Amino acid sequence: MSSQISNLFTEVQLGALKLKNRFVVAPLTRQRTNPDDGVPNDLLVEYYTQRASFGLIITECSQISPLSNCFPGSAGIFSEEQVQGWKKVVDSVHSKGGLIMLQIWHCGRAVSLSQTGGKAPISSTDKPVPGKNYFANNEEYGKPERLTKEGIQQVINEFKQGAINAKRAGFDGVELHAANGYLVDQFLRDGVNDRTDEYGGSVENRSRFCLEVIDALISVFGSDRVAIRLSPTGRNNYMFDSDPMSLLQYLIPQLDSRGLAFIEVKRHGVNQWDDSSDGAKQIPTETFFEIMRKLCKGNLIANDNVSIEDMKNYLSNNICDAVSFGTLSISNPDLPERVQNGYEINYKVDRSTFFTQGAKGYTDYPLANKNI
Ligand SMILES: Cc1cc2nc3c(=O)[nH]c(=O)nc-3n(C[C@H](O)[C@H](O)[C@H](O)COP(=O)(O)O)c2cc1C
């Protein structure tokens, strides 16, 4: 094995988690539970267990309350049945030597009224997402209620309860979903956050909610089992920030000072959700991870359109500590083994089954080595 390849298979300590290699399953919503209850089922047990050879699995974004979900069929983390369902997933992944963190999440305003049963969504703002909701038959998004300070505290408590539940399910930690235009991101970025109180305006104020949630998660798991995902230039859910570098120059040192397990950064993407190139101009895609590395003193996971060649280069040059793969981990449940053994990588991913029900396009991608 060349030294560049072997770098991919060295252990790495991310907070309390010792990863056996540098491959991470990126968080991927797949909507495979019963939409009526969001309880992880046997299909999820099989899907996540298939990926236990990755150094770490980060789960699909998991909602902390019924109102906080815009993906029908996503697995939640607020009911006892969900906790017990996740426990089966976690136990099975652990039995195969894998590590698994829950991506904990609130969608905020990115939800339609048909999905909330007519209840107003919540956000930092009272302005709805301007586009149409793909996950609700292209309906309009609901007009959100601007969270009051009491409302903010209630959501923080829900995040904390979600973390308590995740701990009971046996997860190795939690990753706060602060990316892709969902609730935490709706506070972070000034394209949406139009508040005039201590949760809006300056970068310190816009970061306040995020850091309060992080502190609530730390109070449950300890800082070395808490992580965060950021997408400072992503345009999903019509997000924008006029000056992402200034936000990061404040937020990342704040996160670093807490000693988190890692920060996962998603650079501006090439997929249909990052539908404008504006973000890519703000922090150049080519040098995005180098810039993040300079800002971030702790562990860094790089995401979005990272090839295996890029991964070798990043790890050799200490640009990141691990790489998370989205689409490649869908079509290659055994990606680490494929790379290690020189097996063919499956680049053909079936997008039509990203958000459907059942095994098709979920658990039926073959393993290269059938004995694994
Ligand atoms: C089907 C699908 C579902 C996704 N669900 C989530 C999610 O639940 N949470 C999240 O943070 N990102 C989500 N993403 C974004 C991915 O984690 C990742 O950032 C994106 O696929 C880019 O990485 P890649 O180029 O390796 O695929 C999703 C992407 C896809 C394709």
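The lining of the largest cavity has seven nonpolar, one polar and two charged residues. Here Ala, Val, Leu, Ile, Met, Phe, Trp, Tyr, Cys and Pro count as nonpolar, Asp, Glu, Lys and Arg as charged, and the others, Gly among them, as polar. Keep in mind that this is a predicted model, where local features need pLDDT of at least 70 and side-chain atom pairs count only at pLDDT 80 or more, while totals for chains, interfaces and linings use all residues. Residues are numbered from 1 along each chain as its sequence is written, and side-chain values use heavy atoms, with hydrogens and water left out.

**The cavity**
- The structure holds one cavity of 30 Å³ or more; on a 1 Å grid over the protein atoms alone, a cavity is a set of points where a 1.4 Å probe fits but cannot get out, and lining residues have an atom within 4 Å of a point.
- About 50 Å³ of space lies in the largest cavity, a volume being the space filled by probe spheres set on grid points joined across faces, edges and corners.
- Among the residues lining the largest cavity are Asp185, Arg189 and Leu251.
- Two or more lining residues come from each of helix H6 (183-188) and helix H8 (244-257), and H8 gives the most, with three residues; helices are DSSP runs (H or I, at least four residues), numbered from the N terminus.

**The second largest pocket**
- This pocket has a volume of about 280 Å³; a pocket is an open set of points with protein on both sides within 12 Å along at least five of seven lines.
- Of its 16 lining residues, Pro35, Gln63, Pro66, Asn69 and Pro72 are the closest to its centre.
- Its lining splits into six nonpolar, eight polar and two charged residues.

**The ligand**
- Around the ligand sit 19 residues, and Pro27, Thr29, Asn303, Asn305 and Gly326 come nearest (a residue is near if one of its heavy atoms lies within 4 Å).
- A polar side-chain atom of Asn303 lies 2.6 Å from a ligand oxygen atom, and a backbone N or O atom of Gly326 lies 2.8 Å from an oxygen atom of the ligand.
- The protein covers 92% of the 610 Å² of accessible area that the ligand has on its own (Shrake-Rupley method, 1.4 Å probe).

**Thr49**
- You'll find Thr49 in helix H2 (residues 42-50).
- Thr49 is buried, with a relative accessible area of 16% (buried means under 20%, with a 1.4 Å probe and protein chains only).
- A polar side-chain atom of Thr49 lies 2.4 Å from the backbone oxygen of Val45.

Note on methods
Polar contact = N/O pair within 3.5 Å; in protein donor to acceptor, adjacent residues only side chain to side chain. Buried < 20%, exposed > 50% of the residue type's maximum accessible area, 1.4 Å probe, protein only.
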